[in-house]
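I'm opening my notebook on this one and jotting things down as I look them up. Sheet to begin with, then charged pairs, then a helix.

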Amino acid sequence: MFYREAGQFKTSYAADSAILPIRQDRIFIIALLLFAFVAVPGLASDYLLSGILIPFLVLSLAALGLNLLTGYAGQLSLGSAAFMAVGAYATYNFMLRVPGMPLLLALVLGGLSAALVGVLFGLPSLRIKGFYLAVATLAAQFLVEWVFTKFPWFSNDSSSGVISSPVLSVFGITLDTPAEKYLLTLAIVALMALAAKNMVRSSLGRAWMAIRDMDVAAEVIGIRMLRTKLLAFAISSFYCGVAGALYAFVFLGTVDAQAFDLNRSFQILFMIIIGGVGSILGAFLGAAFIVLLPVLLNLAGQLLHGAVSSQFMSNLEMMIFGALIIFFLAVEPLGLARLWQISKEKLRLWPFPH
Amino acid sequence: MNPQHKTGDVILAAENISLSFGGVKALTDISLDVREHELLSIIGPNGAGKSSMLNVINGVYHPQQGQVTWRGKPRGAIHPHEAARMGIARTFQNIALFKGMSVLDNIMTGRNLKMHANFLQQALWWGRAQREEMAQREKVEQIIDFLEIQAIRKTPVGRLPYGLQKRVELARAIAAEPTLLLLDEPMAGMNVEEKQDMCRFILDINDAFGTTIVLIEHDMGVVMDISDRVIVLDYGKKIGDGTPHDVRNNPDVIAAYLGTRH
């Protein structure tokens with residue numbers, strides 16, 4: 001940054017453990033939020049809102065959920081899309097079958113359903129670790145997809161297994177336009193990101209990281225494995241569940257179980273690997289990278305329109321995308337969030353090396 | 001310092017402990033007791049069963065035979081986190097810090113048992129969660145002052161030199177305000193100055209907080225200087241138990257460990 005914390009003295013532990021201890025950072029974040037809440041809905045086109053920003057926010061939320069589990073608690077999972085599916089289908093059924101169910105309550109209940117399923121599939125984590133656990137969570141992925149395809153009750157007996165968005169209304173306001181849907185998504189994501197940040201900076205987050213870094217020492221300190229790991233699965237799945245419901249109803253509108261297949265789980269895992277494992281910011285950076293970069297490459301490709309065939313162009317986009325992933329991971333294996341942190345530390349001292 | 005003045009009742013008694021892994025007998029019929037406020041050292045050659053004994057005391061290993069009694073009550077096969085709740089803390093032979101976390105967070109984790117806010121309060125950073133966080137931070141800062149590691153409190157522990165990592169691990173252990181502190185080779189691999197510092201910290205903890213300490217150490221000079229009592233293990237058996245002076249003159253110990261006098 002081109003500013004330093006000179007002259008800002010902390011006089012209490014509360015000030016020292018604030019999320020943004022430096023005044024300029026606080027101003028920047030407030031400005032960013034104001035811009036996102038006030039300026040963007042007015043300025044951005046409908047395509048930008050519903051085609052890019054909403055999926056970016058929703059997938060950030062899913063990546064955030066996975067990052068709590070994998071990045072903070074160290075439990076590798078390939079079931080994120082399954083938990084998203086549970087959230088989407090549960091929200092759908094709560095809206096459908098309970099008359100007068102408000103959307104926000106249905107989202108919470110959908111998230112809680114996903115949390116319950118998450119706890120169930122988190123039970124093996126007490127015995128197995130690492131790649132083996134990832135394989136065990138694959139069971140969630142396949143079972144959940146199968147259940148929602150096999151039993152038509154979940155999709156209200158629709159012949160194709162497709163569920164469609166109910167009428168979205170919050171506090172009596174019906175959300176029709178992309179701008180309104182964007183604002184709902186942004187508000188939910190912002191609040192849940194703040195909650196996640198608070199959790200990881202308190203004793204729960206430290207217990208998660210302790211288990212991740214050295215599980216024997218964590219237990220010797222008095223951390224209960226069972227409770228802490230299952231809580232990680234529950235909270236992570238809650239985040240994924242809410243993200244799944246938003247993905248289904250706010251972004252896509254109509255959805256079937258195939259929208260939450262293994263590829264989606266991989267996509268979310270790649271987001272946190274590229275963005276930064278064990279970082280809240282990383283979830284957003286990773287989602288931005290995976291969602292926005294193909295769009296940008298596509299736009300760049302259109303500048304060359306006519307010069308090369310569109311077939312070649314789309315292949316080239318894929319190649320550049322892959323090369324960029326390798327480049328960023330080679331430069332900093334801990335992800336974009338770490339890269340950002342390092343550049344901030346360097347800029348703080350600039351122009352001096354130390 | 002005269003140990004008779006400060007040691008209290010037996011707080012932990014191990015009776016006839018036998019522990020084996022497959023065919024390997026780590027501990028054979030060992031009985032020992034630990035008295036409140038004392039500084040007890042366990043010595044012995046490599047593989048004598050010293051670390052295994054600590055692992056039995058804090059519930060990492062469960063002996064096949066024998067009984068551990070804590071404050072007069074027999075204790076079944078417990079989990080390490082239950083031992084922590086009884087007031088038993090420890091450090092490890094190979095540093096077992098949480099590498100991805102700062103010094104401050106490592107020591108704060110040592111106080112996790114003192115924090116009772118639920119995750120919803122923590123997510124909102126509200127009420128009890130915030131009050132607890134600040135109150136515990138104050139306690140942790142006292143420990144940071146005590147161990148003189150103020151300058152590194154925000155440093156990730158992975159970046160610290162070995163000697164400081166050992167000190168942070170000690171800080172994390174005493175953050176739990178244990179009744180019984182188990183230290184597994186706290187001075188291994190340290191130079192003379194670092195050893196002197198560590199000895200001073202161990203004695204200060206023992207004096208200031210009355211913490212009972214069980215210490216495993218290979219440096220005989222240190223052991224004989226600071227211990228109230230010394231237990232000697234060899235090949236999983238106890239061959240000596242007494243004051244440093246007694247142990248130094250015990251013929252079995254001299255033969256097995258300190259070497260014969262010429």
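Predicted model: local features only at pLDDT ≥ 70, side-chain atom pairs only at ≥ 80, totals over all residues.

Entry: A reminder to myself: strands of a sheet pair through backbone hydrogen bonds, either parallel or antiparallel.

Next I zoomed in on one pairing. Strand β4 (residues 65-70) of chain B runs antiparallel to β5(B), and three bridges join the two. For W70(B), I noted K73(B) in β5(B) as the bridge partner.

What packs on this sheet?

**Entry: charged pairs.** Another reminder: side chains of opposite charge can pair when their charged atoms come close. How many salt bridges are there over all chains? I noted 21.

I looked at R172(B) and E169(B), whose side chains form a salt bridge at 3.8 Å, N to O. Both lie in helix α7 (residues 162-175) of chain B, three residues apart, or about one turn of the helix. Buried or exposed? Both R172(B) and E169(B) are buried.

K195(B) and D219(B) make a salt bridge too, at 2.9 Å from N to O. This pair links distant parts of the chain, 24 residues apart: K195(B) is in helix α8 (residues 192-209) of chain B, while D219(B) is in the loop between β8 (212-216) and α9 (220-226) of chain B.

Then I checked D241(B) and R229(B), another salt bridge, with the closest N and O atoms 2.9 Å apart. D241(B) lies in strand β10 (residues 237-242) of chain B and R229(B) in strand β9 (residues 229-234) of chain B, so the pair ties together parts that are 12 residues apart in sequence. D241(B) is partly exposed, at 34% relative accessible area. R229(B) counts as buried, at 13% relative accessibility.

I also found a network: salt bridges that share partners join K10(A), D16(A), R137(B), E141(B), R153(B) and K154(B).

**Entry: a helix in chain A.** Last, I looked up helix α4 (residues 80-97) of chain A, which has 18 residues. It reaches 26 Å from its first C-alpha to its last, close to the 26 Å expected. I noted that α4(A) is mostly covered, with 15 of its 18 residues buried.

Conventions
Residues numbered from 1 in each chain as written. Chains lettered and ligands numbered in written order. Heavy atoms only, no water. Helix = DSSP H or I, 4+ residues; strand = E, 2+ residues; numbered from the N terminus. Expected span 1.5 Å × (residues − 1). Buried < 20%, exposed > 50% of the residue type's maximum accessible area, 1.4 Å probe, protein only. Salt bridge = Lys/Arg side-chain N within 4 Å of Asp/Glu carboxyl O. Pairing = 2+ DSSP bridges.
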